[in-house]
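Here is a short briefing to read alongside the sequence and the model. Keep both open as you go.

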Amino acid sequence: MRVLLVAGARPNFMKIAPILRALGEAGDEARLVHTGQHYDAAMSDAFFRDLGLPAPDFHLGVGSGSHAAQTARVMEAFEPVLLEARPHWVVVVGDVNSTLACALVAAKLKAETGARVAHVEAGLRSRDWRMPEEVNRVLTDRLSDLLLTPSHDARPNLLAEGIEPERIVFVGNVMIDTLLHQLPAARDARVPEGMGLERGGYALATLHRPSNVDDAGALAAVLGALGRVAREIPVVLPLHPRARQSVSAHGLGGLLEGLRVVEPVGYTAMLGLTDGASVVLTDSGGLQEETTALGVPCVTLREQTERPVTVTEGTNRLAPWPLTAEGVFASYREAAAEPRRAPGQSQPYGWDGQAARRVVAALSAG
Ligand code: UD1
């Protein structure tokens, strides 16, 4: 079986790593495409290094741009790659612009190349069409031949949209494969201790959603809440480039005082920091899952989540919406009062480290 695996942005890299490994173990031929949506050393190279990913077979180098420009550039650059590689499967993961762009190219070339599209992390829905990721998720699922779901809430979402049941296969969460694989190394690295932090004695925050960082009011509310948390315990904030740009554009630099602001960190360091935190406050999708897997209480800075099992079965809660400094701080207090669960204590079904093997089995059977 020949597989062309697509990754473009930071949250994709941890999803493709176990799939590449499982394809290799099964003796399948896998080639890796990096679209270049994320390109900084901190947003891309550090992840390739930490996850032991091979250099991509194809690097499209598309870089940043408006949604239209970025998506179009990926499509233009991916078309000749697909025509050259002639895989049996194009595997796309997650919900970033690169995911949709490559699925769309492959779907349109299907008659010519015979290559089918498989979407890993299919069926998640926030039902918020203002989120670019929701547009990417729904359209990618519609275009895909095989929909590989991470949790049990995904299948009913897909059936409700008229997707044929035969196209949907439950595989579980590939991100958790990577987490379990990397956790010993992350713990050995003693990242919190290296930063002078006490395990279980600090909060970790991340912020990058357009709805939070592009709007000055929302950004000020969240940073204000983090400032209040920081009066109780240290708050580590690895700052995404998008958030950094917005803080300076809106003149909110003063609100960062008192926080431990650092550059975005690689996978292993981030896992170590998450594992050692008493509470995580985030608008990331992946961290909602990682905190549930680790048993660390999480406050999600969003109106809704496309990952509801992290709330119903895991350690996640949504801060009251619209976000205010008081509301976020109250959620932090609630989360901080919750005892940490043992890792694996509240694992959603299929978050067991074997999801990538089931992805490969589904591709082989498909
Ligand atoms: C993208 C994904 C989002 C994901 C996030 C993780 C889409 C629609 N969004 O959002 O789902 O959660 O990645 O980070 O695909 N930049 C750099 N260096 C980089 C990459 C970006 O400086 O390596 C800056 C650029 O100025 C860019 C901005 O960050 O304009 C935003 O990057 P972009 O890839 O457009 O979207 P993200 O906000 O990162």
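How do the axes of helix α4 and helix α6 cross, and within what distance do they come? They cross at roughly 25 degrees and come within 9 Å. This is a predicted model, in which local features need pLDDT of at least 70, side-chain atom pairs count only at pLDDT 80 or more, and totals for chains, interfaces and linings use all residues. Residues are numbered from 1 along each chain as its sequence is written, and side-chain values use heavy atoms, with hydrogens and water left out.

**The α4 and α6 pair**
- Helix α4 spans residues 97-108 and helix α6 spans residues 132-143 (helices are DSSP runs of H or I with at least four residues, strands are runs of E with at least two, numbered from the N terminus).
- The crossing angle makes α4 roughly parallel to α6 (angles under 35 degrees count as such; axes are lines fitted to C-alpha atoms over the stretch in contact, with angles from 0 to 180 degrees between N-to-C directions).
- Contact (heavy atoms within 4.5 Å) involves Asn97, Thr99, Leu100, Ala103, Leu104 and Ala107 of α4, together with Asn136, Leu139, Thr140 and Leu143 of α6.

**Salt bridges**
- The model has 27 salt bridges, each a side-chain nitrogen of Lys or Arg within 4 Å of a carboxyl oxygen of Asp or Glu.
- One of them joins arginine 307 to glutamate 121, at 3.1 Å from N to O.
- These partners are 186 residues apart: arginine 307 is in the loop between β12 (298-300) and α15 (309-312), and glutamate 121 is in the loop between β5 (116-120) and α6.

Conventions:
Parallel < 35°, antiparallel > 145°, perpendicular 65-115°, else oblique.
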